[in-house]
Amino acid sequence: MAQVSLQGVSKVYKNGVRAVDNVTLAIENREFMVLVGPSGCGKSTTLRMVAGLEEITEGKIWIAERLINDVPAKDRDIAMVFQNYALYPHMTVYENMSFGLKLKGYPNSEIEKRVGEAAEILGIKKLFARRPRQLSGGERQRVALGRAIVRKPQVFLFDEPLSNLDAKLRVQMRSEIHKLRLRLQATFLYVTHDQTEALTLGDRICVMKDGCVQQCADPMTIYEKPENKFVASFLGTPPISLMDGRIIRKERKFYFDEGKFQVKIVEDMYKHLDKYEGQIVTMGIRAEDIYDKLFVSEASPENTVRAVCEVVEPLGSEVYLYLNSGKNQFIAKVAPYDLPEVNRDMDLVFNMSKVHFFDRETEKTII
Ligand code: ADP
């Protein structure tokens, strides 16, 4: 059972930077956990503390129920894959993959078997005799993966392994990592700044900011029920549109008054917004929850917003519309046949059952 647990873990570097601040996180046996967040939020430092490459300033880390704070990296039963591959340039692919096992004193027959198996899985047998400089970026990353696999560790640690690859290869390697994960019975901790990688690979995603965990949940929960404004805006392409406005009540109905438009809030949300009546809150709406009124039947004056379409961005399978209400900008994602004229007013319908409201002070989700 290779559960990885962090309890109250912090890292303060010698220069006083608190890179990781009181992180508590439990990664289940055979779970694929993704640490995601903007550059500098402390993801790599967290991973490096688990790996034993960085001292832990405060807190405790367990791997498979063993407290490993003082266990050297080589004895932690982990394998790490780095962004820069970290292959030995003077060794062939076979030597790179077998080196760790040789150091540990495995017999040649076992080394051959393990390297052969890993190379088979990754489709790199034909590269055995080459040196890293004779490989493409994708091939190098496969060799780095292979070197990790042959060790059969309980825990795999990945530090931005796909960042150096071009966009197309990244997508391909992403699905390979996915397949790999299904074959290897191990626990994964994967660091990335790429929200798509996080959403597609993770059983759970841990979103970090300024060294702190913001939310840790499965991808759909993170996407649909973000706990605060930061999480809502970090995940999603294009990003969620955020706008400030006042909660007002007319008779028994609540509305969000943006200044240029008013939209009616759905009744289920009333109980949460009651105490915000008359106050300014932030409303978030995702691009897929805004429709061109011409193509929907559920339009009513209470969910329709007039805005100028400033930019039309066709992406093949969908179109992004950059809209301006006169006060706020927002983005709609519409069907590829919907190409409205630029710099003209148009009517948009907000799916008000999908909007999010955030407290303006705390930025926490109200609903
Ligand atoms: P991420 O992986 O999310 O980009 P890091 O964990 O690399 O973030 O860094 C977190 C913070 O710690 C950043 O402010 C970074 O500048 C700082 N930091 C990272 N490594 C060191 C170091 N060796 N010495 C001092 N500060 C560091």
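**A guided look at a predicted model**

Guide: Let us begin with Glu-160, which is buried at 10% relative accessibility. Please keep in mind that this is a predicted model.

Visitor: Why is Glu-160 called buried?

Guide: Buried means under 20% relative accessible area. Glu-160 has 10%, so it counts as buried. You will find Glu-160 in the loop between β7 and α5.

Visitor: What is the phi of Glu-160?

Guide: It is near 45 degrees, a positive value in a residue other than glycine. Most residues other than glycine have a negative phi.

Visitor: Which value makes Asn-22 count as exposed?

Guide: Its relative accessibility is 52%. Exposed means over 50%, so Asn-22 counts as exposed. Asn-22 sits in strand β2, residues 18-27. Asn-22 also has a positive phi, of about 55 degrees, although it is not a glycine.

Visitor: How do you know that Leu-6 is buried?

Guide: The relative accessibility of Leu-6 is 3%. The cut-off for buried is under 20%, so Leu-6 counts as buried. Leu-6 belongs to strand β1, residues 4-12. Not counting residues up to four places away in sequence, Leu-6 touches Val-23, Thr-24, Leu-25, Ile-27, Thr-46, Val-50, Lys-60 and Ile-61.

Visitor: What makes those residues count as touching Leu-6?

Guide: Contact means heavy atoms within 4.5 Å. The residues I listed are in contact with Leu-6 by that rule. As for Met-220, 214 residues apart from Leu-6 along the chain, the two C-alpha atoms are separated by 24 Å.

Visitor: Now the helices, please. How are two packed helices described?

Guide: Two packed helices are described by the angle between their axes and the distance between the axes. Take helix α2 (residues 93-103) and helix α3 (residues 108-122): their axes come within 10 Å and cross at roughly 135 degrees.

Visitor: Which residues make the contact of α2 and α3?

Guide: From α2 come Tyr-94, Met-97, Ser-98, Leu-101 and Lys-102, and from α3 come Ile-111, Glu-112, Arg-114, Val-115, Ala-118 and Ala-119. The residues of this contact divide into seven nonpolar, one polar and three charged.

Visitor: How do you know that Ser-98 is buried?

Guide: Ser-98 has a relative accessible area of 2%. Buried means under 20%, so Ser-98 is buried. Ser-98 lies in helix α2. Leaving aside its neighbours within four places in sequence, Ser-98 is in contact with Ile-111 and Val-115. The C-alpha atoms of Ser-98 and Glu-112 are separated by 7.9 Å, while the two residues are 14 residues apart along the chain.

Visitor: What makes α4 mostly covered?

Guide: Of the 13 residues of α4, 10 are buried. Among them are Gly-138, Val-143, Ala-144 and Ala-148. What covers the buried residues of α4 includes β6 (78-81), α2, α3, β7 (155-159) and α5 (167-183). Helix α4 covers residues 137-149 and reaches 18 Å from its first C-alpha to its last, close to the 18 Å expected at 1.5 Å a residue.

Visitor: Why is α4 called roughly parallel to α5?

Guide: The axes of α4 and α5 come within 11 Å and cross at roughly 20 degrees. Angles under 35 degrees count as roughly parallel, so α4 is roughly parallel to α5. This crossing of α4 and α5 is right-handed. The contact is made by Gly-138, Gln-141, Arg-142, Leu-145 and Ile-149 of α4 and Leu-169, Gln-172, Met-173, Glu-176, Ile-177 and Leu-180 of α5. Six of the residues in the contact of α4 with α5 are nonpolar, three polar and two charged.

Visitor: Which peptide bond is cis, and where does Pro-238 lie?

Guide: The bond from Thr-237 to Pro-238 is cis, with omega near -10 degrees. Pro-238 lies in the loop between α8 (229-234) and β11 (241-250). Most peptide bonds are trans.

Conventions. Residues numbered from 1 in each chain as written. Predicted model: local features only at pLDDT ≥ 70, side-chain atom pairs only at ≥ 80, totals over all residues. Heavy atoms only, no water. Axes fitted to C-alpha atoms, helices over the stretch in contact; angles between N-to-C directions. Helix = DSSP H or I, 4+ residues; strand = E, 2+ residues; numbered from the N terminus. Nonpolar A, V, L, I, M, F, W, Y, C, P; charged D, E, K, R; others polar. Expected span 1.5 Å × (residues − 1). Buried < 20%, exposed > 50% of the residue type's maximum accessible area, 1.4 Å probe, protein only. Parallel < 35°, antiparallel > 145°, perpendicular 65-115°, else oblique. Left-handed = near helix turned anticlockwise from the far one by under 90°.
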